[in-house]
Amino acid sequence: MSTTTIKQIIKDAGGPDAIAQASSKAGGDISKDAVYKWSKTGIPDRHWPVIIALTNYRPEELYAANCAARGLPVELPHPVEAAE
């Protein structure tokens, strides 16, 4: 399965300017400079509603892109059950 990158999500949302403007209209405070940092740090979950409103991405896709940007596995390991 190919994971969408943060750069692609930003592009699909209309770019840093569009994201900052949409955030401002929604009462948020995302700056263009902050958006540029997302490619390495991931999109903070508090900003997901703005991205979802601008794109067709689902939370699961944003989560997977964040994990990829941060070098983390997409799926968390299942907890090991104690032996009886």
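**Figure 1. Arg 58, Glu 60 and Glu 61 are joined in a network of salt bridges.** The model shown in these views is predicted. In the pair of Glu 60 and Arg 58, the closest N and O atoms lie 3.4 Å apart. Arg 58 also forms a salt bridge with Glu 61, where the closest N and O atoms are 3.8 Å apart. Arg 58 has 48% relative accessibility and therefore counts as partly exposed. Glu 61 is partly exposed too, with a relative accessible area of 25%.

**Figure 2. A salt bridge pairs Lys 32 with Asp 17.** The structure holds three salt bridges. In the one between Lys 32 and Asp 17, the closest N and O atoms are 3.3 Å apart. This pair links distant parts of the chain, 15 residues apart: Lys 32 belongs to helix H3 (residues 32-41) and Asp 17 to helix H2 (residues 16-25). Lys 32 counts as partly exposed because its relative accessibility is 37%. Asp 17, with a relative accessible area of 44%, is also partly exposed.

**Figure 3. Thr 55 sits in the loop between helix H4 (48-54) and helix H5 (59-70).** The relative accessibility of Thr 55 is 12%, so this residue counts as buried; the cut-off for buried is under 20%. The side chain of Thr 55 reaches the backbone nitrogen of Tyr 57 at 3.2 Å. Leaving aside neighbours within four places in sequence, the residues in contact with Thr 55 are Ile 9, Asp 12 and Ala 13.

How values were computed. Residues are numbered from 1 along each chain as its sequence is written. This is a predicted model: local features need pLDDT of at least 70, side-chain atom pairs count only at pLDDT 80 or more; totals for chains, interfaces and linings use all residues. Side-chain values use heavy atoms; hydrogens and water are left out. Helices (H or I, at least four residues) and strands (E, at least two) are DSSP runs, numbered from the N terminus. Buried means under 20% relative accessible area, exposed over 50%, partly exposed in between (1.4 Å probe, protein chains only). A polar contact is a pair of N or O atoms within 3.5 Å; within protein, one must be able to donate a hydrogen and the other to accept it, and residues adjacent in sequence count only if both atoms are side-chain atoms. Contact means heavy atoms within 4.5 Å. A salt bridge is a side-chain nitrogen of Lys or Arg within 4 Å of a carboxyl oxygen of Asp or Glu.
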